[in-house]
Amino acid sequence: MSANVAVVRFPGTNCEFDVAEAVTALGGEPTIVFHDEVSLGSADSVVIAGGFAHGDYLRPGAIARFSPIMEAVSRFALEGGAVIGICNGFQVLCESHLLPGALQKNAGLRFKCGTARLRVESNRSALTEQCDVGDELDIPINHFEGNYTCSEETLAELRDNDRIVLRYVENPNGSVDDIAGICNEGRNVVGLMPHPERACNPLLGSNDGVPLMRSLLESALASA
Amino acid sequence: MTFDVVVEVRLRPGIADPQGATIERALPALGFDGVSSVGVGKSIRFTLESADEESARAELADLCERFLSNPVIEDSEITLTPVAS
């Protein structure tokens, strides 16, 4: 049995095919779902792919949040389904209040494009179950607004409940507490700025994204 | 009633404003030496139909909270002016 992964595509999304490719290579079955649909079909898990949903007008994710498909995504997440937001997808999840906090412009105002080394801080999440705490992964980053920020209370809550799942070994964007990825209380919704789907083949320079994508497929099957 | 509305969205105190900082750093090169505390925000203008000023303000507060600003990082200030009919 293979996992059905819905890959959400808004106008302006540009990483949906990379995600679909990585999912296929690992034995999953991706379906690209357009933003104006109201159902996720028979999906076992959802990926909100990166890009510039609705042109990032107003704020990244601000308009995507009101796309019809997001109601289905919220419902799916609240029922415990695995939802992963990558890069712009992370911004969409924060704007949708499925994850706390916000992503602001990188410190130094530079668009960051390169490989970042991440440390797995928690393997109790839909994206990191197949990893060990302390694993270091080289994963591409590609963003201008990836500087994670949140209130002091939220940060304390994230720390105390083991909800910071990935940290940068060297902080590229000014994110508070070196945060690269966080999860929700239920640990089924995960957002991260780096792109694991672009690191699933040694030809691309790293296949460190494989354990992350594999975790997602396993989470999908577990909830199926 | 019809109102002209201006919503100014600015970063909350304590939130890094790299655009403001960059502008501030550039100003001395142009001979503007006395400028400090530069902050960059957005100004959003529109007209609104509402029963009265109270209902307009309630609607605008909700609109700012849920859409025009992200309260985690931004504050918004609403200015509304009744349009003479």
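This is a predicted model: local features need pLDDT of at least 70, side-chain atom pairs count only at pLDDT 80 or more; totals for chains, interfaces and linings use all residues.
Two strands count as paired if DSSP finds at least two bridges between them.

**View 1. Strand β9 of chain A has a pairing partner in both β6 and β10.**
Strands here are DSSP runs of E with at least two residues, helices are runs of H or I with at least four, and both are numbered from the N terminus. Strand β9 covers residues 164-168 of chain A, and 5 of its 5 residues are buried. Buried means a relative accessible area under 20%, exposed means over 50%, and partly exposed lies in between (1.4 Å probe, protein chains only). One partner is β6 (residues 112-120), which pairs with β9 in the antiparallel sense over 3 bridges. To find this pairing, look for A:Val120, whose bridge partner in β9 is A:Leu166. The other partner is β10 (residues 179-183), also antiparallel to β9 and joined to it by 3 bridges. Here a handy landmark is A:Ile164, which stands opposite A:Ile182 in β10.

**View 2. A:Ala43 is a buried loop residue.**
Look for A:Ala43 between β2 (29-34) and β3 (45-48) of chain A. Its relative accessibility is 15%, so it counts as buried. Which residues does A:Ala43 contact, beyond its neighbours within four places in sequence? They are A:Asn4, A:Ala6 and A:Phe76, where contact means heavy atoms within 4.5 Å.

**View 3. A:Arg59 touches residues of chain B.**
A:Arg59 sits in the loop that runs between β3 and α2 (69-78) of chain A. With a relative accessibility of 6%, A:Arg59 is counted as buried.

**View 4. A:Leu58 and B:Ser37 each have a positive phi.**
Most residues other than glycine have a negative phi. A:Leu58 is not a glycine, yet its phi is about 70°. It belongs to the loop between β3 and α2 of chain A, and a relative accessible area of 25% makes it partly exposed. Over in chain B, B:Ser37 is not a glycine either, and its phi is about 55°. B:Ser37 lies in the loop between α1 (18-26) and β2 (42-49) of chain B. Is B:Ser37 buried or exposed? At 66% relative accessibility, B:Ser37 counts as exposed.

**View 5. Chain A as a whole has 5 helices and 11 strands.**
Its radius of gyration is 15 Å, close to the 17 Å that the globule rule gives for 224 residues, so chain A is as compact as a globular protein of that length. The radius is taken over C-alpha atoms, and the rule is 2.2 Å times the number of residues to the power 0.38. Along the principal axes, the C-alpha atoms of chain A fill a box of roughly 40 × 35 × 35 Å. Buried residues account for 57% of the 224 in this chain. Of the contacts in chain A between residues at least 6 apart in sequence, 74% link residues at least 24 apart.

**View 6. Chain B follows the pattern β-α-β-α-β along its sequence.**
That gives chain B 2 helices and 3 strands. Its radius of gyration is 16 Å, well over the 12 Å that the globule rule gives for 85 residues, so chain B is more spread out than a compact globule. The C-alpha trace of chain B spans about 50 × 30 × 15 Å along its principal axes. Of its 85 residues, 25% count as buried. Among contacts in chain B between residues at least 6 apart in sequence, 72% join residues at least 24 apart.

**Notes for all views.**
Residues are numbered from 1 along each chain as its sequence is written, and chains are lettered from A and ligands numbered from 1 in the order written. Local features need pLDDT of at least 70, side-chain atom pairs count only at pLDDT 80 or more, and totals for chains, interfaces and linings use all residues, while side-chain values use heavy atoms, leaving out hydrogens and water.
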